[in-house]
Amino acid sequence: MRANLLLSFSITTLISVSALLSYVLQTHGFSATTLLIMLVAASLIAHIFTLFKRQQKQAEMVIRALANGDSTLGLGQQHPMLKQFEQVKTQMQTARFNAEQQAQFLQALLIHVDLAVMVCDDNGEVIESNPAVSKLLGKSFRHLHELGAVGELILNAEHNIRSTTYWQNGEQHDTLSIQLSIAEIQGKVRRVVSLQSIHDQLQLKEQQAYKRLTKVLTHEIANSITPLSSLADTCSNLLPQELCFDELEDKQDLQLALNTLASRTAHLGDFIARFRQVSSLPKPNLTPANLADMLTHIVALHQQQARELQIDMELTIQSQQLVMLDSSQIEQVLVNLIKNALEVLKSNQKYSTENATQARVEISLAQNASQQLYIEINDNGPGISEHVIDMIFVPFFTTKQQGSGIGLSLSRQIMLNHGGDLIYVPKPQGACFRCVFG
């Protein structure tokens, strides 16, 4: 149909041009050759114009079909352009399917791994992040400014970095390892950040160092104490009664010195024997246990002592969940912490001139934001001085006159062996220790 119309248009145009040229020839007397050339030129111009209009109309039709989602493009089934379009469409669909498959794989991989990974733009806006980020940091966020000093470190970096920093969210304390890579993707700056908690690894290294130090110290000190104690006893026994001194007090002083040396070396030997518990702590024998029942029993054992000291002891239980633990070791930790709280309040009552507030020990069993069970022992005594808080879990360190500096260190080691931790929680008043179960 289109070919017939084009032919009719060409014939009509040719007849019209021929008539016009015949008139011009009759009027001005052009030659037959000139007339023929003019006819051919006019025919070619008309044909080219027609082809241009047809191609323009066809291009508009193809674009309109693409915009409307018409896969036929308005072309016939045998049109060569339609076949090429089908090939291009197949290639594009395959490429898009592969890209979507790769994106889904990467997304599933990020969700599966425990490593916290996030991607930010150069302004600090978070573009992508996996669930491990909010799990590690304790909250979700959309901008680096919400992370305080950690966000500032990432945002202000001018090149790739590896660093460690301290992180705190409420009562959650952690040490983070940060790795930052800055890349330009499709002309835009992207900051790829990975975050990892190294708190447990640092604690493990610290405890291993304490164990090695303890073994060396106890071995060397024990080897020196044993002969000293023996020699002191021997010298005291060999001292003859008829031994004469210029002054009788000199003989008494010698006897006292030997007895003191023997008693102090014996005391130091007992101390070293107790300290060996830190380095020779057996692995926990884990069995399912109900912390609520255990805690109720331990508090009941200390209630009589608390009443005699006029100390209120309150127990709050908010969970009945079972936990895998070594009952004897955990009982040792709880007894030690409750005993410490009672001793502190007793000492405070003895030396305090004001008794405006009732001495109190609050013991609670609950869950934190990470769904971890914890037991908290909190007293309203004088608390722990800020300058010694970092030292309270160090073996040998103590603030008590008669303390060995082993109780808290041993208790923390037991909690670490259970996959948890023993931490000191700052409070406005008093001291608060929290046993967190992993």
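This section describes the strand pairing and helix packing of a predicted model. Local features were considered at pLDDT of at least 70 and side-chain atom pairs at pLDDT 80 or more, whereas totals for chains, interfaces and linings use all residues. Residues are numbered from 1 along each chain as its sequence is written, and side-chain values use heavy atoms, with hydrogens and water left out.

Helices (H or I, at least four residues) and strands (E, at least two) are DSSP runs numbered from the N terminus; two strands are taken to pair if DSSP finds at least two bridges between them. An open sheet of mixed pairing is formed by five strands in the order β7-β9-β10-β12-β11. Because β7 (312-317) and β11 (421-424) stand at its edges, each with a single partner strand, one side of each lacks a neighbour in the sheet. The twist averages 15° from one strand to the next, with axes fitted to C-alpha atoms (for helices over the stretch in contact) and angles running from 0 to 180 degrees between N-to-C directions.

Strand β12 (residues 432-436) pairs with β11 in the antiparallel sense over four bridges, and Asp421 stands opposite Val436 of β12. Two helices pack on the sheet, contact meaning heavy atoms within 4.5 Å. Helix α8 (residues 291-308) touches β7, β9 (360-367) and β10 (373-379), its direction making about 170° with that of β7. Helix α10 (residues 407-417) touches β11 and β12, at about 135° to the direction of β11.

Strands β6 (residues 287-290) and β8 also pair in the antiparallel sense, over four bridges, with Met324 of β8 as the bridge partner of Pro288.
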